[in-house]
Amino acid sequence: MTKLFFDVFPTLQVDTDSRMLFEQVEVMKITSTSARNHIRVHIRSTHLIPKQAIFSMERQIEQQLFGNTGIPVTIVEEYHLSEQYTPENLMREYRDSMLFELEQKSRLERNMFQHAKCRFEEGNILCLTMADTIVAKGKTESISSYLEDVFAVRFQVPVEVRVDYEKPKESKYKKLNEMQLRQEVNAILERNQALQAQHSTGTAPSGEMAQQGGGEVPWDTSEGALQMLPGISGQASSKEVAGSVAKDVPKGIPYGHSAVSQGTPKDSAKKSGAKENTGKRQRERTARRRKSLPEDRTPEQKGAEIASKAALLISAGIIR
């Protein structure tokens, strides 16, 4: 024997919209698990009820009737609708509720179903067209089972779900991401090759040599090169050149430093601080790079791992 919903739950306080939706709904039975830790309310309705309203009513029953017991309540719907609700019409009218219900289960499945193309053939064959991706193929069975269960159990309208796949459209953002990823992989591979070369020869890469050496080059002490200096002409000897340069150096400035480059003590302090900050940032970047690679692996092992990851990305079609 069935009873009306608010005859079964007379003390339930709900808003006007919820009361109108459930006023003519019949409660067929109430069941619970053997441990009495989950209650199911089986209802029957002659009109569609949005899934959002069903979930809201479940929460109201839990909070008002079961208090702090923490016992979950699930409302199981069964619809007896008119013949005008064909599978195609049901999909159109109930699609938002399906999306909402799928989101509670899996946001990924919800997004896939939202972007899928739906059409009906021969009345009860639901054809879904999804993007041809590994993720879509992995979720196809779950989405198909959900749809078949909703139509068969909830609406008593069995449907057959068939899934087709189409090549996804590439967006400019995806191409930019692939290009950036490809550049990062190439940079990692180049760096790994440099580490392998350093390990095999026992020398630092040229970039590190340039940083450590400060960009200095050997001084050419030939007589021809000395004659190229400003103010030096003829066949002047090295001693004469040294004496000429020494005369132009102001007192108090160490030999080898020009007055222009020396600047004021304040300028020197600024330059010194800038150099220290630059060196500190370089040391921090080097420490972060070294921390990201375990020290117990040889460069050959690191190279093999990076090459394997790059090959996996290429085989998956992420990069080409």
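In this predicted model, helix α4 (residues 87-105) and helix α6 (residues 134-154) pack with their axes 11 Å apart and at an angle of about 125°, where axes are lines fitted to C-alpha atoms, for helices over the stretch in contact, and angles run from 0 to 180 degrees between N-to-C directions. Helices (H or I, at least four residues) and strands (E, at least two) are DSSP runs, numbered from the N terminus. The two helices α4 and α6 are therefore oblique to each other, given that angles under 35 degrees count as roughly parallel, over 145 as roughly antiparallel, 65 to 115 as roughly perpendicular and the rest as oblique. The crossing of α4 and α6 is right-handed, a crossing being right-handed if the near helix is turned clockwise from the far one by less than a right angle, and left-handed if anticlockwise. On the α4 side the contact (heavy atoms within 4.5 Å) is made by Pro87, Leu90, Met91, Tyr94, Met98, Glu101, Leu102 and Lys105, and on the α6 side by Ser142, Tyr146, Leu147, Val150, Phe151 and Arg154. By class, this contact of α4 with α6 comprises ten nonpolar, one polar and three charged residues, with Ala, Val, Leu, Ile, Met, Phe, Trp, Tyr, Cys and Pro counted as nonpolar, Asp, Glu, Lys and Arg as charged, and the others, Gly among them, as polar.

Residues are numbered from 1 along each chain as its sequence is written, and side-chain values use heavy atoms, with hydrogens and water left out. Because the model is predicted, local features need pLDDT of at least 70 and side-chain atom pairs count only at pLDDT 80 or more, whereas totals for chains, interfaces and linings use all residues.

Helix α6 also packs against helix α5 (residues 107-115), at an angle of about 85° and with the axes 10 Å apart, and α5 and α6 are therefore roughly perpendicular to each other. In this pairing, Leu108, Glu109, Met112 and Phe113 of α5 meet Val135, Ala136, Lys139, Ser142, Ile143 and Leu147 of α6, and the residues of the contact divide into seven nonpolar, one polar and two charged. Ser142 of helix α6 touches Lys105 and Glu109, when residues up to four places away in sequence are not counted. Ser142 and Glu109 lie 33 residues apart in sequence, with 8.3 Å between their C-alpha atoms. At 22% relative accessibility, Ser142 counts as partly exposed, on a scale in which buried means under 20% relative accessible area, exposed over 50%, and partly exposed in between (1.4 Å probe, protein chains only).

Helix α4 has a further packing partner in helix α3 (residues 51-65), with an angle of about 50° and axes 8 Å apart, which makes α3 oblique to α4. Here Lys51, Gln52 and Phe55 in α3 meet Tyr94, Asp96, Ser97, Phe100, Glu101 and Gln104 in α4, and the contact is made up of three nonpolar, three polar and three charged residues.

Among the strands, β2 (residues 26-32) holds Met28 and β3 (residues 39-45) holds His42. With a relative accessibility of 16%, His42 counts as buried, whereas Met28, at 27%, counts as partly exposed. Beyond residues up to four places away in sequence, His42 touches Glu26, Val27, Met28, Lys29, Thr31 and Val76. Met28, with its neighbours within four places left aside, is in contact with Met1, Thr2, His42, Ile43, Arg44 and Glu78. Met28 and Val41 are 13 residues apart in sequence and 7.9 Å apart in space, C-alpha to C-alpha.

Glu122, in the loop between β5 (117-121) and β6 (125-131), has a positive phi of about 55° although it is not a glycine, and Glu122 is exposed, with a relative accessible area of 72%. Gln156, in the loop between α6 and β7 (160-166), likewise has a positive phi of about 55° without being a glycine, but Gln156 counts as partly exposed at 38% relative accessibility.

Overall, the protein chain has 13 helices and seven strands, and 26% of its 320 residues count as buried. Of the contacts between residues at least 6 apart in sequence, 58% join residues at least 24 apart. The chain exposes about 22,000 Å², of which carbon and sulfur atoms supply 53%.

Definitions and conventions: Accessible areas come from the Shrake-Rupley method with a 1.4 Å probe; for residues, only the protein chains shown count as cover.
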